[in-house]
Amino acid sequence: VAGGFDAFMSVIGGPGYREVLTEALGADGLTRAERDSRYFFADEVPALMQWTFDSSVAARLTPPVLLIQGGNSADITHRLVTRLAGLLPHAEIATIDGDDHLFPQRNPDTLGHLVAQFARRHTSPA
């Protein structure tokens, strides 16, 4: 589990991911995240691999969707976000320049601001 967690987090969060997570979650939070990743690798990933998400499924999703990525995220993240945006009928992409996949831990205020703006644009007045 520790090796899988390290490999995965190194790809999505870069070599300094441990420091970022420790600062955001505390040392106990990092330990818990590593321990709990067993469920992610053993249960969630295999279930996801059996799931089919294609244009026919995506077309049924009518609410607007906000896809947020870090400008410095791994190329695979950008390709995935672009692919999802192409499948979803009402998708918007926001890119946090100069940050990566761990931007929610580094800058939760920016994330909250983006989500609030998106919600305001897509919420009908009462």
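This is a predicted model: local features need pLDDT of at least 70, side-chain atom pairs count only at pLDDT 80 or more; totals for chains, interfaces and linings use all residues.

Mentor: Now find helix α1, residues 2-13, and helix α2, residues 17-50. With those terms in hand, α1 passes α2 in a right-handed crossing. Their axes come within 9 Å and cross at roughly 125 degrees. Angles over 145 degrees would count as roughly antiparallel and 65 to 115 as roughly perpendicular, so α1 and α2 are oblique to each other.

Who actually touches whom? On the α1 side, the residues are Ala 2, Gly 4, Phe 5, Asp 6, Phe 8, Met 9, Ser 10 and Gly 13. They meet a set in α2 made up of Tyr 17, Arg 18, Leu 21, Leu 30, Ala 33, Glu 34, Ser 37, Phe 40 and Phe 41. Sort that contact by class and you get 10 nonpolar, 4 polar and 3 charged residues.

Now zoom out to see where this pair sits. The chain has 6 helices and 2 strands, and from the N terminus on they run α-α-α-β-α-β-α-α. Those strands are β1, residues 65-70, and β2, residues 91-96, which pair in the parallel sense over 6 bridges. To trace the pairing yourself, look for Leu 67, whose bridge partner in β2 is Ile 93, and then Ile 68, which has Ala 94 as its partner. As for overall dimensions, the C-alpha atoms of the chain fill a box of roughly 45 × 35 × 30 Å along the principal axes.

Methods: Residues are numbered from 1 along each chain as its sequence is written. Side-chain values use heavy atoms; hydrogens and water are left out. Axes are lines fitted to C-alpha atoms, for helices over the stretch in contact, and angles run from 0 to 180 degrees between N-to-C directions. Helices (H or I, at least four residues) and strands (E, at least two) are DSSP runs, numbered from the N terminus. Angles under 35 degrees count as roughly parallel, over 145 as roughly antiparallel, 65 to 115 as roughly perpendicular and the rest as oblique. A crossing is left-handed if the near helix is turned anticlockwise from the far one by less than a right angle, and right-handed if clockwise. Contact means heavy atoms within 4.5 Å. Ala, Val, Leu, Ile, Met, Phe, Trp, Tyr, Cys and Pro count as nonpolar, Asp, Glu, Lys and Arg as charged, and the others, Gly among them, as polar. Two strands pair if DSSP finds at least two bridges between them.
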